[in-house]
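Subject: Structure handover

Hi,

Here is the structure we discussed. My notes follow below it.

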Amino acid sequence: MNLYFKTYLSNPLKSFALIRHQQQDWQKWALFMSETIGKEHLAYAHEMRSELPTAFDLQEASRSIELLITYYELNPNELASGKLLGYSQPGAALSAMDCYALGMFNYFQKEYTKAEIWLNASLLKYDSSQEAKYSIFINEKSIHKWLGILSIKRRENSLGMWHINQAKTEHYDGILEEHITMATLKEHCAASLQRPSHLHCRYNNWTTPFLRIAPLKMEELSIDPFVVLYHNVIYDSEIEWFLTQSFDYTPALLDYGGFSAHRSGKNVFIELEKGELVKTIEMRVTDMSGLSMEGSDDLSLINYGIGGHYIPHHDSFSEEENKTEDRIATALFYLSDVELGGATTFPLLNLTISPEKGTAVLWHNLKDSGTPHPKTVHAACPVIVGSKYVMTKWIYNMDQIFRRPCQANSLNS
Ligand SMILES: O=C(O)CCC(=O)C(=O)O
Ligand SMILES: [Fe+2]
C-alpha cells in the first residue's frame, strides 16, 4: 500500500467513510448503470464488487467508530465535522450518508440514544437540493422517519409526530403501530384503571334532524382527530339481541379470529339481513356521525376473554396501498361492562376509554383532506377480570361527498 493511502486510511473517520462508500454506494451506481449505461460498465461494477467491503465490514467499521467514541469519550458531532480529539484533517468530515449509516448501525444495536445523535447529524448535513447525489439508502424522508420512530420510542410523541409528518409520503402505517412501546401502552392501560371522566359533555341535537327530538349524550374527548364518546346510545334490550345473534354464530365466534399475534379475541360479522335491529343501529351510527352507511362493513361483534387484547393499529388502510376507498370513521359500541381492564387506548392522544355497557366511542380515522390521521392509532388493553363484548362499525369515505367533503386546506390536512 503506498504512503498516500496509508496516511489517508490511518484516519479512522476517512477509512470509515471509504468503507461505507464502497459498501453502499456501488449499489446506486449499479442501479443507475443498468438503466442508462451499457451492460459492460455494469459487468465491471459487479466484477469490482468482490474487491469491495462487505456489509459485515461496514458493520465492523461502524463498531470501531463507536469503540473510539466510548474509550476516548469523543463527541459524535465533532467526529461528524471531521475533528478527532481536537485534531482536524481536511476532508475527514463525515457525510450525511456516513452519519446515517452510523445511525442505522446503532439503531440495530438497540443503542437508540446514539442512533438519534447520528441521525440528527445526518439531517443537518443533508442537502435537499442535491438529492440525486445520495445513495439509495437515504433521503430526507427516511432520516425523518427513523427520527420519528426514535422520538416515539422515548415517548416524545409530539416531536415524533413532527418527524413522521416531515416524512410525508413515507409509509407511516405500521411504523407508529410497531414502535409505540410496551412502556407507553402499559402506562395508558394501567391509567385506565383509575382514570376520571373527561367531562366535556353536551347533548348532540344537530348531526341529523332526528336528534332534535332525541338528542344523544356526547362527551368530547379530542378535537383533532375527532373522538367522542356517546353515553346510553344502545339499549340493554338491543345489546341482548345482538349477543343472542352472536350465539347463532357460536362456532364462528369460537373459532374465527382466535388467537393471533394482533388480536386475541373472537369476532363475527352481523349481516344486514339478520334483522331490523341491524338497520336501526346503522341509523343510529348515522345520527352519531352524520355519515352515510353506504358501503360500510357489516357490524363486527368481538368478544375478548381474560388477556384478550388488540395491538396498536389504525382502522384506516395504509397510504402505500394507494386506495381511494378508506375507513373514514369508526363507531365502537361497548356491549358489556368489564370488571377490570379491557380499555380502548389512543396512546398518541393520551386517551384511554374504559368499557361501559351502552356507550360508544366514535372517531374520524381520516383527516379532512382524506388521508389517514396517524394519531388515530389505538389498541385494546388486555382484559384482567371479566368478558368484553364490543361491536364495531367501520364507515367508508365513498358516499360521504356531500356529508363530509374533502378539504385539502383545512387545519388538519
Ligand atoms: O376492542 C377495542 O377496544 C378496540 C377494537 C378495535 O380497535 C377494532 O375493532 O378495530
Ligand atoms: Fe380498531
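In β16, Val390 is the bridge partner of Ile302. This is a predicted model: local features need pLDDT of at least 70, side-chain atom pairs count only at pLDDT 80 or more, and totals for chains, interfaces and linings use all residues. Residues are numbered from 1 along each chain as its sequence is written, with chains lettered from A and ligands numbered from 1 in the order in which they are written.

Strands first. Helices (H or I, at least four residues) and strands (E, at least two) are DSSP runs, numbered from the N terminus. β7 (residues 299-304) and β16 pair in the antiparallel sense over five bridges; pairing needs at least two DSSP bridges. β6 (residues 266-270) and β7 also pair antiparallel, over five bridges. There, Asn267 stands opposite Ile302. Five of the six residues of β7 are buried, so the rest of the structure largely encloses this strand. Buried means 20 or more other C-beta atoms within 10 Å of the residue's own, with C-beta atoms placed from the backbone.

Next, the ligand. The residues around ligand 1 include Ile302, Val390, His378 and Asp315. β14 (378-380) and β16 (388-396) are the elements that give two or more residues to this shell.

Last, the helices. α4 (residues 55-72) and α6 (residues 96-108) pack at about 90°, with axes 10 Å apart. Axes are lines fitted to C-alpha atoms over the stretch in contact, and angles run from 0 to 180 degrees between N-to-C directions. That makes α4 roughly perpendicular to α6 (65 to 115 degrees).

Best wishes

How values were computed
Near = placed C-beta within 6 Å. Parallel < 35°, antiparallel > 145°, perpendicular 65-115°, else oblique. Buried ≥ 20, exposed ≤ 12 C-beta atoms within 10 Å, placed from the backbone.
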